[in-house]
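Trainee: Hi! Could you walk me through this one while I have it open?
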Amino acid sequence: MISLSCIGAWIVLLTVGCSVTQADDSKIVGGTTANERIPYQISLQVLVSSFFGFGPKRWMHNCGGSIVNEYYVVTAAHCLDGMDINRMSIVAGTNDLRNDSSKGTRYFLESYMIHPDYIELNRSDIGVMRVKEAFTFNENVQPIRYSSDFVGGGVTCLLTGWGYTMPIRIGSTPKDLQEAELTTITNDQCRERGMPVNPTEICTFTRVGQGACGGDSGGPLVCNNQLSGVVSYGTRYCGIGVPDVYTRVSEFDSWIQENTQTSGSASDTPPAGESQPA
């Protein structure tokens, strides 16, 4: 998916931008390299041709996501919308995406589902993906509990991802997983700072020079050791003093539960790459 940043929008979805050139491996804007494993974190990757479409095909990180059980991952709807499932895969079990993510395990997708009320840059920016083969759980790969608890302002949470590390999205995303401790603000405070959020969204703002950026989309905001937010959108330039917006997981916990059941046959799941109503 091409980010709206490629056409100059001010408020943008935080997907990877247009470039696939190489860059340094230095973070989420204002974050640090994650030293500990984040076993629920995945890299959602797309198959692209390098060298502006003329080179060999390779897997490129596009979005984040969170493992919630042995078959399912929660991510942002805009990371899935219009995507060809045959050009998508998930890498789990590593903080390091070097060498075609060889330190992790690659899983291919059986299906994905976008929330039926999803409207880009407006609401319900959440979706789920089912992998063809179950995740092998170990110390590097584990599910995270998703929250049914409302998170208000003033809560310290952990954001992780492979998003761009500079305010302007140039070059490629980092190879080392990045992390940052961010503080939630109330939705009223978020609106006062210029983001037109609704009750199904949650915002963070800690300081100028820190926040989510392109490539962090779909990734986890973890508060009180639970998945509380899914990275959704921010401004065209990252970490410039405007809040980041996440899908509020507690508003969708029932939908997630209903659509990530692991019992039953494969025929119970939606067709590959097709959005289905709840």
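Predicted model: local features only at pLDDT ≥ 70, side-chain atom pairs only at ≥ 80, totals over all residues.

Trainee: Where is Ile-38 found?

Mentor: Look in the loop between strand E2 (32-33) and strand E3 (41-49).

Trainee: And what does Ile-38 touch, leaving out residues up to four places away in sequence?

Mentor: With those set aside, Ile-38 touches Asn-95, Leu-158, Thr-160, Leu-177 and Glu-179.

Trainee: Nice. New topic: Asp-96, is that buried or exposed?

Mentor: Asp-96 is buried, since its relative accessible area is 10%. You'll find Asp-96 in the loop between strand E6 (88-92) and helix H2 (98-101).

Trainee: Which side chain does the side chain of Asp-96 join in a polar contact?

Mentor: That's Lys-103, with a polar contact of 3.1 Å between the two side chains. Beyond the neighbours within four places in sequence, Asp-96 is in contact with Ser-101, Lys-103, Lys-175 and Asp-176.

Trainee: Switching to rings: which residue lies over the face of Tyr-71?

Mentor: Arg-130 does, at 4.2 Å from the ring centre. Have a look at Phe-205 too: Arg-193 lies over its face, 4.1 Å from the ring centre.

Trainee: And how many aromatic pairs does the count come to?

Mentor: Two aromatic pairs, going by ring centres within 6.5 Å.

Note on methods
Residues numbered from 1 in each chain as written. Heavy atoms only, no water. Phe/Tyr/Trp six-rings, centres within 6.5 Å; stacked < 30°, edge-to-face > 60°. Lys NZ or Arg CZ within 6 Å of the ring centre and 35° of its normal. Helix = DSSP H or I, 4+ residues; strand = E, 2+ residues; numbered from the N terminus. Contact = heavy atoms within 4.5 Å. Buried < 20%, exposed > 50% of the residue type's maximum accessible area, 1.4 Å probe, protein only. Polar contact = N/O pair within 3.5 Å; in protein donor to acceptor, adjacent residues only side chain to side chain.
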